[in-house]
Every structure is written in C-alpha cells, then in structure tokens.
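Q: Got a two-chain model open here and I'd like to talk it through. Can you take my questions as they come?

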Amino acid sequence: MKKPGLRIMILKFFNRHENLRAFGILSPCIFWIGVFFLLPLVFMGVYSFLEKGLYGGVRWIFTWENYTRFMDPLYLKILLRTFRLSLITTLILLIVGYPMAYRIARAGKRWRNILLFLVVLPFWTSDLIRTYAWMLILRDTGLLNGLLQVLHITGKPLTMLYTEGAILLGLTYVYLPFMVLPLYASIEKLDSSLLEAAEDLGATPFWRFLKVTVPLTKSGILAGSLLVFIPSVGVFVVSDLLGGAKAMMIGNLVQLQFGPARNWPFGSAASFILMAIVLIAIFMYLKFAGGREALEEVR
Amino acid sequence: MDVSVELRGVTKRFDDIIAVNNMSLEIARGEFFSLLGPSGCGKTTTLRLVAGFEAPTAGEILINNQDVSDKRPYERNVNTVFQNYALFPHLTVVGNIRFGLERKKVAKHQMGDLIDEALDLVRLQGMADRYPHQLSGGQQQRVALARALILRPEVLLLDEPLGALDLKLRKEMQLELKTLQEKIGITFIYVTHDQEEALTMSDRIAVIEQGVLAQAGTPEEIYEFPRTRFVADFIGVSNFFSGKVTRQDETSLHINTDGGLRVILTADDRNRENQSVHFSIRPEKFMVEPETGRSDWENRFPGFIKNRIYLGDSIHYVISLSDKETITVFLKNRSSGQRQAIFSQGDKVYVSWLREDAIILKD
C-alpha cells in the first residue's frame, strides 16, 4: 500500500483533533504576530531593565534606573503633552467627523460613494509628504503667511510652524479618515424610522441627537476615538516635522533614544510606560462609556 | 361634526410622482378612521403628512381646527405607531414608554403612575425591564402603542401596525385595538391594505386609488354602495356588467348588456337614455333556481354552472350567463329542506336578482 501523503496526514490529524483546527487555520497569523510583534516586545521588556552600553547596545546588568529616570518632570511634561494633544485631536475629530460622516451616510447612493472616495483619497500619498506640505503652508515664509500679508490682514509673519497648534492641525488632518469611516459605518446602519419615532414623540432635533442618534452610533464613536487616539499617542512624524523640539511628543522621545541618543534601554522603558498608560486609558474609556454591555444591548 | 383632523385639498408631490392628489377629508373626534388602498396608493404618505414627516405641496392640514401644515412632528399633538414599531433598541420597555414623557413637564411621581397605567393598558406588566429584542412581535407592537398613547395625543396614527403579525395574533389584536380605542376615545387614523381589517375595525373608511380619495364612508356604505368600479372591486367581490340604456322611465332603466341580457335597474336622477352604463352586483345577492324553477322574479336569466367551490358553510359558483358574462355567486349552505340549492358542475339554472341590488357605478 502506498504511504499516505503529507496532505492526507495533516487532514487526518485535524479531523481527529477538532479543538486544534482553529490553531491550524490561525497558524500563519500566530507565527507572524509571535515573531514580529511579541518577540520584539519581549526584547524591549528585557532591555528596559538593563544598563546602556557606552557605544549603544546594552550591558547585561539589571537596573530600575530607566523607569525612575522617566519620573523626571522633563519627561512627565512630554507625556502629559502627548496625552493632552491626543485627547484634543480626538475631540476635534469627533466634532468635525461626526457631521461629516452623518452627511455622507445620508447622501444619495451615488454621492455617498464619491464622498467616501474623497475621504480615503489622501491615503494615496504618504503622510510624510502630506506633512511636509503642511510645513510649506505654515512656515514663516509659507503660503498662509504670504496670503495673510498680501491681504494686509497681518503686517509680519505669524509663527505657526513648530507650535502645538501646528501639531494639532497635522494630527487632525492625518487621522480624519480613521474617525470618519467607523462613524460612517455606524450611522449608515441607523434606522431612520427611529429618528422619526423620536421626533414623533416630541423630541426636538437636539434632544433626538442626544437620546437616539448618539447612543445608537456609540460603537462608531468608540471605534473612531480609539483609532485616532492610539496612533496619536504614538505619533512621531507629524510632531517631529510640525512641532520640532519645542513641542516634543513621547513618540519623538522614543525615536530619539533609539536613534541619536543610542539609549535603547531608556527608549524601551519609555515605550513600555506609554503602552501601559494607553492600555489603562482605553480600559477606563471603554468601562466608563459602558462599551461592551451597551453595544451588546444595541445588537 | 366635532372635527379632529381635516385635510383641505392636500397634494403631495415627489419629483414627478403625485403621491397624494387634492385630498379632502374630515375625521371626527373619537372616530376609528381607516385609510384603505393597495400598496403605493398614497395612504401611508397621507398618514405621514398628518404626522408631519412630510410637508404638503399644496393644501392645508388642520388638527383640532388649527392649521399645522408647517409644524414639525414634535410640535403636533399627534403620535404614530410605526409599521416596524420603531422601538428604540437601546432602551427598555419602560425607557421607550418614558421617552415622550421626558419632554413633557410631568412630575416624577406622576410619571411612574402614568407608566404603570400605560403598561396595564397594553398588558405588559412584568416586561418593564426587557429590551425590545427580548419581546415577541405582538409585545413589541403593544410597547409601540403604549409609548404613543401615554402622551394622550389628539390623534393616534397607525401605519399597518398588524402587518408583521401572524393571522391568529392579528385577529386578536384587531379586537384588542378596537376595544382600546373605544375605551380611551382617541381619534385613530389607521392605514391598511387589508379590506377585511378595515371593515372589522373602522367607524369610517376612506378608499384611496392612486393618490385620489375614491370614496369615504361607513363600512356598510362602502360595501353596499361602492361609487366606482375600483371601490367595488377592492372591497369584497363584485360582478361587473356594462351595457347600454335602451329606455328610461321614472322608476326604471332598461339596459341591454354587452352579453345581450335585458336588465331592469332602478333609475337614478340622471338621464342615461342611450348612454352606456356600468353596474355591479355582489355575489351573495343572487338567487339561483334549478332549471325546473318557476319563480317570476325580474332580471331572471338562464345559465349553467361552470365551476363550484365547496366551502362548507357556503358554496361559491361560477355561472355563465352568456358568452360574455360569467358571474360569481355565493350561496349559503342552508338546511337540508332546501338541498335543491346545491348544484353541480354543468347544471342548468336560473339566476335572478332584485333591481335594487345592482349598483350603478360612476365610470
């Protein structure tokens, strides 16, 4: 009798061990995450407790130093600024993105596709290039200042580049689609007869929005906020180009430590602190916003 | 008449479609009024115009003698029970019922009483903390009803509220709705495409054809005296005849039908001499005799049974009167003493009717 091939053997194995099937299907994904995400994370975790070597690299001596060093007001200030800017970015995008998503979701079918296409269009170029474009617009001799002066609105150039305002502008610009798309998805599913019912029961447009529209699109609001907040906290291109050294964010700090400063242990520690705080923040946000249960009920 | 809702020449146009065309209606306070018609006839649009979800292109809508044509739904003392109930999925039964109350200035303790009362009214005690998706269709329907009724509207609008329920539940709810309406005395405007439902529940019915009011009246009026062919056809079953008036005197019209029957009908006040005329007769109005029958009824014609459907309590016959005229006749299955009333396919019979049972139609 011919020996069964490998394929048959694999099939047989999974037929007999049903509970292992899921692993079989997910194995490429598990491998990928394991090698390219978990493993580096473990390295960083280990590095964050080591001393830095003289010329980069690490010395295998255990220390808490990297974490205690972060308690310096200088770094805490960067951390605080990072969260403040990310929070403001998320809020601005909610305020800007919600009406936008709402209008797109309620537009006719043809317009809806065109508008969605326009929302995604900026992805066609790298956000590095788009951020550079903002530098050209915002700098002292840039387009905006030129225009203001030509129109005699201002006498001399306003300082717009390398401010927190510039970072906010860049962040809201770059992350707008991440807010609009999940909001769109949840608003589009909203049953318009529920809005009519609310109005019928005496709700003014504002009350209706508060009591029906927002609760029923909560999943989109939560998803959009997280999709914007998390990458904003870790951003470094936007803050590097538009914020410069005066408005450094934690992403820049990490990049600095792994790059020019050659202090991998401290960079690792900063990353871990950031990660821990983000996880706690998300957890609290979902808990506070009643995420899980509320969403379950809506379904 | 104490008018609750009035439509004055209301027209609603969507782009190039006229959904409601110059409709005028008066609905009395406390009346159970049905808008009846096939789907797409404009009955739901009419309801939405009264609710305020649509603004009329022309004409006025008055509620309680006040022009509300330009008022938003939340400014009108009108509430709606939606076809799909439109319950808020994120709110419990109580949350749904309380929704409208929160906008009215009702004291806290009073609110609790009102909600209990509303739950009582629709028999949903014990369901207060359920979410809509945990309720059956009938229960959801009752929540929608309670949510609207708790606001004590001048008018309650119902858009095919029983459409999604199964037949048995629908029958139950029809009775329940009717009883409820009589108990609370609020004007109901009820949209349905189910003629039987409309006949069962309504004080008056408006039959709508392609955005135009075809006829409004009590169920009896609509059934016994349909004004147009559409009404006669849509409500119940009708047999239609056309012919020409050969002679007209003070009391009778003599008509030669297209199939060659010489028919005598009651004359109305119009001069129809030499004009063509259409009339209809309900299937249960005919008398049928066997070939050997010797009655001297007028409008008596020979025919033969083409087909019969035995339904137990009644029998439906399809009878051919001429090569152009085939009628449907419903006969009660009477006591055995009159068994001769049961015929078989192919039997020759005499069919007759009283002249007042034929209704002359407008078109």
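Q: Which residue stands opposite B:Ile63 in strand 5 of chain B?
A: That's B:Gln66. Strands here are DSSP runs of E with at least two residues, helices are runs of H or I with at least four residues, and both are numbered from the N terminus.

Q: How many bridges join strand 4 of chain B to strand 5 of chain B, and how do they run?
A: There are 2 bridges between strand 4 (residues 58–63) and strand 5 of chain B, and the two run antiparallel. Two strands count as paired if DSSP finds at least two bridges between them.

Q: What's the strand order in that open sheet of chain B?
A: The order is 2-1-4-5, an open sheet of 4 strands with antiparallel pairing. At the edges sit strand 2 (17–28) and strand 5 (66–67) of chain B, each pairing on one side only.

Q: Before I go on, what are the ground rules for these values?
A: It's a predicted model, so to speak of local features you need pLDDT of at least 70, side-chain atom pairs count only at pLDDT 80 or more, and totals for chains, interfaces and linings use all residues. Residues are numbered from 1 along each chain as its sequence is written, chains are lettered from A and ligands numbered from 1 in the order in which they are written, and side-chain values use heavy atoms, with hydrogens and water left out.

Q: OK, the interface. How many residues of each chain are in contact?
A: 20 residues of chain A are in contact with 25 residues of chain B, where contact means heavy atoms within 4.5 Å.

Q: And what's the buried area between chain A and chain B?
A: About 2,100 Å², with carbon and sulfur atoms giving 60% of that. Buried area is the accessible area (1.4 Å probe) that two parts lose on being put together, summed over both.

Q: How many salt bridges between chain A and chain B?
A: The count is 2, taking a side-chain nitrogen of Lys or Arg within 4 Å of a carboxyl oxygen of Asp or Glu. One of them links A:Glu199 with B:Arg72, the closest N and O atoms being 2.6 Å apart.

Q: Which helix of chain A gives the most to the side that touches chain B?
A: Helix 9 of chain A, with 7 residues. Helix 9 (192–200), helix 10 (205–216) and helix 15 (291–298) of chain A each supply at least two.

Q: Switching to helix 2 of chain B: how many of its residues are buried?
A: 8 of the 9 residues in helix 2 (residues 93–101) of chain B are buried, so the helix is largely enclosed by the rest of the structure. Buried means under 20% relative accessible area, exposed is over 50%, and partly exposed is in between (1.4 Å probe, protein chains only).

Q: What do those buried residues pack against?
A: Helix 9 and helix 10 of chain A, together with helix 3 (108–121) and helix 4 (137–149) of chain B. The buried residues include B:Val93, B:Ile97 and B:Phe99.

Q: B:Lys43, buried or exposed?
A: B:Lys43 is buried, at a relative accessible area of 3%. This lysine is in helix 1 (residues 43–51) of chain B. Not counting residues up to four places away in sequence, B:Lys43 touches several residues, among them B:Glu160, B:His193 and B:Ile208.

Q: Last one: how many helices and strands in chain B?
A: Chain B has 8 helices and 20 strands, and of its 363 residues, 52% count as buried.
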